[in-house]
Amino acid sequence: MSITAHQVVTLHYVLSDVLSDGSTRVLDDSRARQKPLEYLHGHDNILPGLERDLAGKTAGDEVSVTLTAADAYGLRNEALVQKVSRASFGGADIEPGSRFQTEGEAGPQIVTVLAIDGDDVTVDTNHPLAGHTLRYQVSILDVREATRAELAKGHPLPPGTEHSKVEDRKVL
């Protein structure tokens with residue numbers, strides 16, 4: 001079965017950052033964690049560029065996909081580097097390099113602390129991988145039709161989940 005919209009795909013992947021000299025640095029390896037990724041194709045569960053390049057592939061295929069920054073987490077936007085008051089952190093212990101999730105205008109976002117100068121904290125709300133070229137080495141393990149419950153929810157669900165037990169995510 002070829003990967004098309006509304007199918008659940010199970011795969012292992014190695015995600016690497018492509019460095020400026022052409023070498024790579026492994027960022028994540030699902031096989032090393034012994035946890036394959038399962039996603040619902042065509043439902044924005046993974047990066048659009050990766051999903052595009054997996055379309056039409058079948059179980060057993062090995063695929064190498066390189067995504068430019070624009071096709072991955074976007075280009076860095078220096079306007080997203082800002083100074084905020086230390087009080088914004090509610091007394092939390094922070095230091096340069098600290099990362100945390102906060103609610104942004106477009107939903108949850110990762111914030112990285114870049115510097116602390118007295119009461120001023122410089123933060124970066126770019127995604128940590130913004131501006132990076134990424135390479136995925138993918139091994140497709142399985143492709144199957146999504147269940148009615150998975151289509152209603154918009155992502156894979158544990159086996160045996162009945163559609164009558166999930167709330168449809170669609171807004172009428």
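Reader: Why is Tyr13 called buried?
Author: Buried means under 20% relative accessible area, exposed over 50%, and partly exposed in between, with a 1.4 Å probe and protein chains only. Tyr13 has 13% relative accessibility, so it counts as buried. The model is predicted, so local features need pLDDT of at least 70 and side-chain atom pairs count only at pLDDT 80 or more, while totals for chains, interfaces and linings use all residues. Residues are numbered from 1 along each chain as its sequence is written, and side-chain values use heavy atoms, with hydrogens and water left out.

Reader: How many aromatic pairs does the structure hold, and what makes Tyr13 and Tyr136 a tilted one?
Author: There are 2 aromatic pairs. Rings of Phe, Tyr and Trp (its six-membered ring) pair if their centres lie within 6.5 Å; planes under 30 degrees apart count as stacked, over 60 as edge-to-face, and the rest as tilted. The ring centres of Tyr13 and Tyr136 are 6.2 Å apart and the planes stand at 55°, so this pair is tilted. Tyr13 is in strand S1 (residues 7-18) and Tyr136 in strand S9 (residues 133-145), 123 residues apart, and the pair thus links distant parts of the chain. Strands are DSSP runs of E with at least two residues, helices are runs of H or I with at least four, and both are numbered from the N terminus.

Reader: How do you know whether Tyr136 is buried or exposed?
Author: Its relative accessibility is 7%, so Tyr136 counts as buried.

Reader: Why is the pair of Phe89 and Phe100 called edge-to-face?
Author: The centres of these two rings are 5.4 Å apart and their planes lie at 85°, so the pair is edge-to-face. Phe89 is in the loop between S5 and S6 and Phe100 is in strand S6, so parts 11 residues apart in sequence are tied together. At 13% relative accessibility Phe89 counts as buried, whereas Phe100, at 29%, counts as partly exposed.

Reader: What makes S5 and S6 edge strands?
Author: The sheet is open and has 4 strands in the order S5-S8-S7-S6, with antiparallel pairing. Strand S5 (81-85) and strand S6 (99-104) each pair on one side only. The twist from one strand to the next averages 45°; axes are lines fitted to C-alpha atoms, for helices over the stretch in contact, and angles run from 0 to 180 degrees between N-to-C directions.

Reader: How do you know that S5 pairs with S8?
Author: Two strands pair if DSSP finds at least two bridges between them. S5 and strand S8 (residues 120-124) are joined by 5 bridges and run antiparallel. Within this pairing, Gln82 stands opposite Val123 in S8.

Reader: What joins S6 to S7?
Author: S6 and strand S7 (residues 107-117) run antiparallel and share 6 bridges. Gly104 stands opposite Gly107 in S7, and a hairpin through 2 residues connects S6 to S7.

Reader: What makes the phi of His6 worth a remark?
Author: Most residues other than glycine have a negative phi. The phi of His6 is positive, near 70°. His6 is in the segment before S1, and its relative accessible area is 41%, so it is partly exposed.

Reader: Why is Gln34 called exposed?
Author: Gln34 has a relative accessible area of 69%, so it is exposed. Gln34 is in the loop between strand S2 (24-29) and strand S3 (37-40), and it has a positive phi of about 55° although it is not a glycine.
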